[in-house]
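Keep the picture beside you as you read.

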Amino acid sequence: MTMQEYFIAFSTIIHKEINRFTRIWAQTLLPPAITMTLYFVIFGNLIGSRIGEMGGFTYMQFIVPGLIMMSVITNSYSNVVSSFYGAKFQRSIEELLVSPTPNWVILSGFVLGGVARGLTVGAIVTCLSLFFTDLHLHNVWITVLVVLMTSILFALGGFINAMFARSFDDISIVPTFILTPLTYLGGVFYSISLLPEFWQNVSMLNPILYMVNTFRYGILGVSDIDVVYALLTVMGFIVAMFSLALWLLNNGKGIRS
Amino acid sequence: MTQALSIRGLKKVYHNGFEALKGIDLDVEQGDFFALLGPNGAGKSTTLGIVSSLVNKSAGSVKILGVDIDQDFSKAKRALGVVPQEFNFNQFEKVYDIVVCQAGYYGIPRVEAKQRAEHYLKELGLWDKRHSAARMLSGGMKRRLMIARALVHDPKILILDEPTAGVDIELRRSMWEFMKKINAQGTTIILTTHYLEEAENLCRNIAIIDKGEIVQNTNMKSLLQQLNTETFILDIQTPLSKAPELNGFQTQWLDSNSFELQMQRGQHLNDAFALLTHQGIQISSMRTKSNRLEELFVELVEKDRQQDKNKVAV
């Protein structure tokens, strides 16, 4: 295949993925909008007004970046895991496997599809947050870069989960038991400086902490950790997970007998 | 001329130790209409799965139009269109989108993909259903959708794995006509089917696979010549109380208006009719009891199984 043909195959996959999540918008775009609005109202307004300042900002201002990032993470992940597993389950993945589209194009297409949903939901949540607080971007480049990298990373995570999954139960285990706890413990609702030193050190093992804090830095200009170190860490994870996902795809894990 | 498909020493052992293919060799010429037949679990779908990259092979080589799948699978896959046994499209997607997207996976620009999708959906009588979700189609329409999808990139070789399973007779015959047409236009067709009448009517060459081994690989004519016995059902005008006795032929009474006539290889129908005429029996109509290929298929598979039993006994 020529580069142009690769690009056509790649854009076809993305087009299909975007069609999929926009077709079922009531399942994909609406729920995070409602959930995040509730977070803004309950945690930001009602409870937040009694908490006072955190990191030099109102509690609402503090949690908005975290909540935006949380919605990007969960939606990037769940889009790829459900789409790719659904394609496995219905065997429509065979449409791609019999075609000359190389595996790296397939992987990139699904990941970018997940990124498209993650960013769409992120944009929706950002717009909603403007009803509750003002947002001023401290560093637009870091904000954009970290949200993009985080979305790619979790879309890759969703892909790997889908490769291993053998049932619909398997695609909900990781989000429920790993992703959600890591997100909640990743500094979305609090600064880790509030934790005892031991738990601060434990928190440093949580990759989501780096993403949430870097994103918060991009918007508010405050972070619990070094931003450059955080970006390099996320990049390292992306390279490792892309390699793993591609290796699984090349070996046909769960999709070729 | 380069073979459309050339398989050498192809083996497949599944993770559970089951040996689905035991080193088969197979050649399909370009432009051929080729039947790959065999009982359930014989290895047909495994063979086609390896050719179309849905199954990993354990050993052996596969060349598609001279291109080794181990060397350049991407190029080899470009020549293939695959219609699998099971429905394998997204049931929630629209018919039109399924075909257009498939063209995209072959690098066909969207404008051209839409034109091709329109052409094949019209050819296969699905154009009116283009905006329907695939799950809303009938079984026959779903099969035709998979054919349209497999053809959208104009493959040189079309693999049809039981394309008419569960399809009514009228539709099956219209699909046969369509397959004949695209074969006449130069597309090599490799067909698996359990309807042996279908294989006999459509295919020029044939391979029979059983327990992972090719037990017969020849052209249809010479295969049918191997048929030792053929049974006909004859309807008679004047009722009879027993089957007529015809010297050299075996007959069996079915009812007062019909009987079976069994013919060995080398015997002629003319001789049987001469004997019947001599006895004053008028034949009003005649049909074969079962498809000729079916009889031969059963004979070959039974023979293969008997040989296996003998080996075990020894």
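This is a predicted model: local features need pLDDT of at least 70, side-chain atom pairs count only at pLDDT 80 or more; totals for chains, interfaces and linings use all residues.

Across residues 140-165 of chain A, the chain is 96% helix and 0% strand, with its end C-alpha atoms 37 Å apart. Helices (H or I, at least four residues) and strands (E, at least two) are DSSP runs, numbered from the N terminus. This span is one of those that an unreviewed UniProt entry lists as "transmembrane region"; positions follow the numbering used here, feature names are shortened, and annotations may be inferred rather than shown by experiment. Here are two of the listed spans:

Residues are numbered from 1 along each chain as its sequence is written, and chains are lettered from A and ligands numbered from 1 in the order written.

Now to chain B. The buried residues (20 or more other C-beta atoms, placed from the backbone, within 10 Å of their own) of helix H4(B) are B:Ala113, B:Arg116, B:Ala117, B:Tyr120 and B:Leu121. Why are they on the same side of H4(B)? They cover an arc (of directions from the helix axis to the C-beta atoms) of only 130°, which puts them there. They pack against helix H3 (95-105) and helix H5 (139-151) of chain B. After H4(B) comes B:Gly125, with a positive phi near 70°.

Definitions and conventions:
A residue is buried if 20 or more other C-beta atoms lie within 10 Å of its own, exposed if 12 or fewer, and partly exposed in between; C-beta atoms are placed from the backbone. Two residues are in contact if their C-beta atoms, placed from the backbone, lie within 7 Å.
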